[in-house]
Amino acid sequence: QSIGGGFLDALADSLLLTKTIFPNLLPLINLDDYKWPMMNLMAMMADSNLINPKEYTMYYDKFLLEAKQELRKQALAEKKKSIAKASAEDEEEKETYGYDVKDNEDAGNESLSLYARLLMPFYETNTGVKEVMNKMIASNDKRVKYNTLFLLLKNKKPVPDTLFNYFAAMEDYRYDLYSDLKELKMKAKFPAKYNSHILLGKSKLLANNSFEKPDTMVFAERLQTTYKNKTGYIYFFKYK
């Protein structure tokens, strides 16, 4: 996995080895060229429980401050997008704002998610971290909200139950929600009303589409088949 840090990429491929030299690497975070690759490496190690939060406690205040600054930037970006969506009525206004304001996709915020991963070990001991997480999960950016939901779930933190219905109701997120919950062995949290082959299949097809989304997509039929001694159904959809 590339983290964009030259020789740090090689260390990302061998985290157990990296753990032994981590204290010597940590000062690199103070250098602009290595800050983000180093933070990515730290987050990977934190996710794998290969570093103790105490090893980078001296950077806690820095990470929390920068996370709050990133939150303010995110809030401004969301406000700008909301205003643009409300006022854009023709192609000229789309060009003025520099993007198609009718686009329903949210980009997320990789920097903010990275800070959240590094701050998560301090969730129970520092109220500032809970405040950041609460603001992230209340974000109007659905990708930020979704990433925060699963960060909290992975770390066994409480989340609003309403979010499972919220994301299951959206075709853009339904299949991902099902798959991610299954991976965490939390499939029971997936809303039963959306747990069907047709609804999940449609969501999966839309998620795999790298081009413009179709105007309509409907279920056509299913055919029984056998593959590698397993019998099941293939579902067909048609779209335009």
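**Labels and their cut-offs**

Modeller: Lys185 is exposed, as its relative accessible area is 77%. The model is a predicted one, in which local features need pLDDT of at least 70 and side-chain atom pairs count only at pLDDT 80 or more, while totals for chains, interfaces and linings use all residues. Residues are numbered from 1 along each chain as its sequence is written, and side-chain values use heavy atoms, with hydrogens and water left out.

Colleague: Why is Lys185 called exposed?

Modeller: Exposed means over 50% relative accessible area, buried under 20%, and partly exposed in between (1.4 Å probe, protein chains only). Lys185 has 77%, so it counts as exposed. Its place is in the loop between helix 10 and helix 11; helices (H or I, at least four residues) and strands (E, at least two) are DSSP runs, numbered from the N terminus.

Colleague: What is the phi of Lys185?

Modeller: Lys185 has a positive phi of about 60°, although it is not a glycine. Most residues other than glycine have a negative phi. Lys228 also has a positive phi, of about 50°, and is not a glycine. Lys228 lies in the loop between strand 1 and strand 2 (230–239), and with a relative accessible area of 64% it is exposed.

Colleague: How do you know what span to expect of helix 3?

Modeller: The expected span of a helix is 1.5 Å times one less than its number of residues. Helix 3 (residues 35–47) has 13 residues and reaches 18 Å from its first C-alpha to its last, close to the 18 Å expected.

Colleague: Why is helix 3 called largely enclosed?

Modeller: Because 10 of its 13 residues are buried, helix 3 is largely enclosed by the rest of the structure. Among the buried ones are Lys35, Pro37, Leu41 and Met42. The buried residues of helix 3 pack against helix 1 (7–12), helix 2 (15–25), helix 4 (60–87) and helix 6 (110–119).

Colleague: Which residues touch the most other members of the largest nonpolar core?

Modeller: A nonpolar core is a set of buried Ala, Val, Leu, Ile, Met, Phe, Trp, Tyr and Cys residues joined through side-chain atoms within 4.5 Å. The largest one has 60 residues, of which Leu41, Met42, Tyr56, Phe63, Leu149 and Leu177 touch the most other members. Helix 3 gives the largest share of this core, 8 residues. In soluble globular proteins, nonpolar side chains tend to be buried together.

Colleague: What makes Lys35 and Glu66 a salt bridge?

Modeller: A salt bridge is a side-chain nitrogen of Lys or Arg within 4 Å of a carboxyl oxygen of Asp or Glu. The side chains of Lys35 and Glu66 meet at 3.1 Å, N to O. This pair links distant parts of the chain, with Lys35 in helix 3 and Glu66 in helix 4, 31 residues apart. Lys35 is buried, and so is Glu66, the latter at 14% relative accessibility.

Colleague: How many salt bridges does a search of the whole structure find?

Modeller: The search finds 7. One of them joins Lys62 and Glu66 at 2.8 Å, N to O; being 4 residues apart in helix 4, Lys62 and Glu66 are separated by about one helical turn. Lys62 has a relative accessible area of 28%, so it is partly exposed. The side chains of Lys202 and Glu171 meet in a salt bridge at 3.1 Å, N to O. Lys202 lies in helix 11 (residues 197–208) and Glu171 in helix 10 (residues 171–183), so the pair ties together parts that are 31 residues apart in sequence. Salt bridges that share partners join Lys35, Lys62 and Glu66 into one network.

Colleague: Why is Ser113 counted as buried?

Modeller: Ser113 has 17% relative accessibility, so it counts as buried. Ser113 lies in helix 6. Leaving out residues up to four places away in sequence, Ser113 touches Met136 and Asn147, where contact means heavy atoms within 4.5 Å.
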